[in-house]
Amino acid sequence: MTAPQLQLIGISKGFPGVQALSDVQFDLKAGEIHALMGENGAGKSTLIKILCGAQPPDSGQILIDGAAVSIGSPVVAGELGISPVHQELSLEPYLSIAENIFLGRQPVNRLGFIDRRQMLTAAREVLGELGVDLDPSAIVGRLSIAERQVVAIARAVSTCARFMIFDEPTSSLTRRESDLLLQMIRRLRDQGVGIIYISHRMEEIFELCDRVTVLRDGKFVATRDVASITLDDLVRMIVGRSIAAAAPRRQTKTGDVVLEVRGLSKRGLLKDISFDLHRGEILGLSGLVGAGRTELARALFGDLVPERGEIRINGERVDIRTPRQAIAAGIGLVPEDRKEEGLVLAQSVMANIGMPQLNLFSRLGVISARRERDLAERYVQDLAIRTPSVDQNAMYLSGGNQQRVVIAKWLATKPKILIVDEPTRGVDIGAKAELHALLRDLAADGMAILMISSDMPEVLAVSDRILVMHQGRLAGELSAENATQEAVMSFAMGLGARI
Amino acid sequence: MNSQEVDPSRRPEGPSNKVPPAKSGGRRRHWSEPLRNHTALVLLIVLVIAGGMLSDVFLTPRNLLNILWAVSLLGIVSLGQTVLLLTARFDMSVAGVVGLAGIVTVLAQINGFGLFASIGFGLGSGLLVGLCNGVLVLATGANPFLVTLAVNLLVYSLALSLTQSKTLYATIPEFNLLGRGQLFGFLHYSVIVFLALAAGLQFVLRRTIPGRTIYVAGLNEVAGRLSGLRLQITKLSAFVLCSGLAALTGIIMTSRLNSTVASSGFGMEFDSIIAAVLGGTSLFGGRGGTLRTIVGVVVLGVINNLLVLLNVPSEAQQIAKGLVFLAVVLADSALRRS
């Protein structure tokens, strides 16, 4: 293979109180996809920031084509051909696709005005190169997350980037969308672009990448050819120990029916949904994005009022029209987006845990600070939430710990039913396994859990039973024993029990 | 993302998670909160020291009490504004309400109602305006700034037409006591009302469910809603409280002067926001408190007082206020970004 075109040697970077990177090396060749892996906090993001000129390293060298360069700013990085495709997409929602692609570099006519026609043509060309069929005049705010990602990629491609960085590009995508994206990335590689690929999804690494570099606690662990290692090797490199293989599912002995849903409908979103949820059961809810899974969760939780249908809890019909009533009826919801919906980031862990049931430790509306603290401290300990104290603002916690805080706040309400929507999105592999174990423990203690997830291995590994939604309907039900990825996908795509 | 990378709480200790509770300042947050954002307090101390050097009169107890007395009315309005600001909303109609409440009170007296009834009418007019503000803003989702600005115009016009643009005089002699009376012969009732309200509201904000809900309304309404907090009714109450306190101010002001005009609250809509933000309450909601607002209004009062003592022309007084406010707004934005 060719010599490395981009080389990082002995990179170190410290922040007050923590050494984010120490003596890390990395290299990237033209036409390769190089995975960068490590748990949250391993130093991946810091390394990428250094590469993109967002932060200077404390020491170390960056070479491009063998010559030392200094990447003082994102602009310089762009000039050197380094282009990040951001995780938190930095697109302008009110502008068109074409305008976003050429933002700041719009083609102009002789009078110095933006040449709209030329811009649209050029945009169409770039999109065509990527093999997607999108109208370049469409407004970005109306696109799906997957489509926005395509726009971000198109922007990078249009700058003739030599090195592209993908940070968790598939974390919010469905399987099918991910496949399209991966195809696009392969195409870029074949055109000679060097690609750094960050993802927590193991199967993608093996499917897509040529080499992998692992960081742990800010230190370089190893660079390997993906073909020469096994999944176990990789996991061991990342966490520095082996994770017990997903614990064999306990013999499903689920109890009485806790939740009965009959004929739940809401125009355009939910069509005649009926199912039962048992005590001690983890019921997986799968389906493509937009199939109505989140809407179903919202309807059960009173945040979306259905037009028809009834809900029974322990055999009694309940009328749930607000989240407040849902909480009183014994339902908890761990929402899809923990930062926007689950937590008040600027408040303490304690305030977040206490939020759904302040009246429990209040008298005449006055909150007992001591009881709120006791409750929070108990759950921080029970769920092993890593935080210096319950007074720490939730924003300073890692993703996995933030998710634990959201779960803690619902456990504290002692719910009969816990709905979890994408419980492990964006958390690292170690934390993910711990969250799965936590869900299993809760179910073993008798909690009825409805788990929505786009992460297929997660659905298969954790659920006792799987429901699949397609276009607002329940398209199929699978027991844990018969469930395969193919069977679930077949239902999710509306093909029925074909396989 | 970076905050995760440098998060010191996530140390590589394997499965162990027994991180000892840090001896950080976190635990002592509640009482030190008003001091956390030191800018206004530092500004106040600097001003007081400068004032003492520049003027012989400034540091006399009589003058300091005078400053408190002068700012107490704006102060009460600012407390309501502070609560609303915490929910990331504004009330631009407080100026109109100050005028209206005074006029309604005096008109009630002219029409033969007793002392308490007339005050009740005055307060009621304010509460009603607050209810309108709240319902309009919350039901339509319209911009609170613009809605209350429009309501301010309406309220002011109503006040003008009620008085036919004349000055009205209170008819009940005891009414005077509220605005001019002093405890122990030196502490004005309005100052006591202001400080007591500030302390009481701080308690409500920090220690009660509605108070907690106010902060969540300003920080993350979705999370609050999904946690079952009563956001709508709490936000509505904040609007009603804000207008109610403006009405109280109008009544005390009328009592102090024994007369009132429709424009008596002129400028208070902006001054109250300036005072609240100066004290350290964020324009973007969720950060601040009413104790801070005491510092904010006192800073404004000290600046005014000093400029008067030093015989600075009134145009320059406005310039000083404008510059102080600009500095504070810029500091607030910078703080929010960091």
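Among contacts in chain B between residues at least 6 apart in sequence, what percentage join residues at least 24 apart? The figure is 77%, where two residues are in contact if their C-beta atoms, placed from the backbone, lie within 7 Å.

Good morning, colleagues. The structure before you is a predicted model, in which local features need pLDDT of at least 70 and side-chain atom pairs count only at pLDDT 80 or more, while totals for chains, interfaces and linings use all residues. Residues are numbered from 1 along each chain as its sequence is written, and chains are lettered from A and ligands numbered from 1 in the order in which they are written.

I begin with chain A. Its domain assignment gives domain 1, residues 6-239, and domain 2, residues 257-492; such bounds come from an automatic or database assignment. Between the C-alpha centres of these two domains of chain A there are 33 Å. Helices here are DSSP runs of H or I with at least four residues, strands are runs of E with at least two, and both are numbered from the N terminus.

The largest nonpolar core has 168 residues, and Ile419(A), Ile449(A), Met451(A) and Val488(A) have the most contacts inside it. A nonpolar core is a set of buried Ala, Val, Leu, Ile, Met, Phe, Trp, Tyr and Cys residues joined through C-beta atoms within 7 Å; buried means that 20 or more other C-beta atoms lie within 10 Å of the residue's own, all placed from the backbone. Helix 4 of chain B, residues 61-86, gives the most to this core, with 13 residues. Leaving aside neighbours within four places in sequence, the contacts of Ile419(A) include Ala297(A), Phe301(A), Val334(A) and Leu450(A).

The axes of helix 9 (residues 189-207) and helix 10 (residues 209-219) of chain B come within 5 Å and cross at roughly 75 degrees. Axes are lines fitted to C-alpha atoms, for helices over the stretch in contact, with angles from 0 to 180 degrees between N-to-C directions. Helix 9 and helix 10 of chain B are therefore roughly perpendicular to each other, a term that covers 65 to 115 degrees. Val204(B) and Leu205(B) are among the residues that helix 9 of chain B brings to the contact, and Ile214(B) is one of those from helix 10 of chain B.

Terms used
Buried ≥ 20, exposed ≤ 12 C-beta atoms within 10 Å, placed from the backbone. Parallel < 35°, antiparallel > 145°, perpendicular 65-115°, else oblique.
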